[in-house]
Amino acid sequence: MKKFAKILLACFCLLLASAAMLLGYSEWTISDARHYTYDDVDAVPYNRVALVLGTSKYLIGGSPNHYFKYRIKAAAELYNNGKVDYILVSGDNATVQYNEPRQMRRALIQAGIPAKAIYSDYAGFRTLDSIVRAKEVFGQAHFTVVSQAFHNERAIFIARHFGIEAVGFNAKDPSAYQGIKTRVREVFARLMGLLDLYVLDKGPKFLGEPIVIGGPTPCQTLSTIGTSQPCLPIPPVAPAASAATASKGADTASAAAATSAALSTGPAMATHGAAPASTP
């Protein structure tokens, strides 16, 4: 029994050592992406689109989530400094009550960002989904990722793996006390990220029809909002006005033609009408 126990202990220690080596390797590999991240907005290169990675506005206990708050602030800073023209918010849309993109969109509008400059990805269930969908669905091969520094590193590592030239703008980190659970979870998320890319070969859960950022927005009824950008159909005011203008122009042209015809035939009609009067 003692010998068997020693074998089990040795196997357990070997397993722990292997796990520690894998965690260390994933940390070292993904951390190298920090060279593509920026803390100063003035140093961030211009990209047409900023991709804001999703998180909930509130924590489980109902208190404000500072990760959310600082990401919104960072995205608004990029837009207001002319570093991006559009903002794509991507996150989980698990239930009617839990909708990260909707919360981020509303917060950005409250921060002064025009609604027409904000696009929503409702199928960003994981960081990998958000990154790949930004390219495959929203057509962006270059963009600026907005999240905290540790998250940006993993996101950019994934992006570079898929041939996407992404950079990151680091949102402010919450205090160590507030973010300790998230940082511990990130250690294992990095290892899972490597497994997803190099072992499991995972892709996004959903793709879908392309959505052109800056182009016409596909409209859906509010009851069928899914992975596409929602909007309300706008009555075709401009076409109606154009038709009215064209009709008015046609009436004017017809009136002018009639007037011209009357003027050209007027003397003949008068002579023809005067003849009976002069007849005895």
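Trainee: How do the residues lining the largest pocket divide into nonpolar, polar and charged?
Mentor: This is a predicted model: local features need pLDDT of at least 70, side-chain atom pairs pLDDT 80 or more, while totals for chains, interfaces and linings use all residues. Numbering runs from 1 along each chain as its sequence is written, and side-chain values use heavy atoms, without hydrogens or water. With Gly counted as polar, the lining splits into 17 nonpolar, 17 polar and nine charged.

Trainee: Which helix supplies the largest share of that lining?
Mentor: Helices are DSSP runs (H or I, at least four residues). α2, α4, α5 and α6 each give at least two residues. The largest share is 13 residues, and the source is α6.

Trainee: In what order do the six strands form the sheet?
Mentor: Strands are E runs of at least two residues, and two of them pair if DSSP finds at least two bridges. The sheet is open, with parallel pairing. The order is β1-β6-β5-β2-β3-β4.

Trainee: What is the bridge partner of Y38 in β6?
Mentor: β1 and β6 (165-171) run parallel, joined by two bridges. The partner of Y38 in β6 is F169.

Trainee: Which strands does helix α2 touch?
Mentor: Contact means heavy atoms within 4.5 Å. α2 (66-80) packs on the sheet. The strands touched are β2, β3, β5 and β6.

Key:
Axes are lines fitted to C-alpha atoms, for helices over the stretch in contact, and angles run from 0 to 180 degrees between N-to-C directions.
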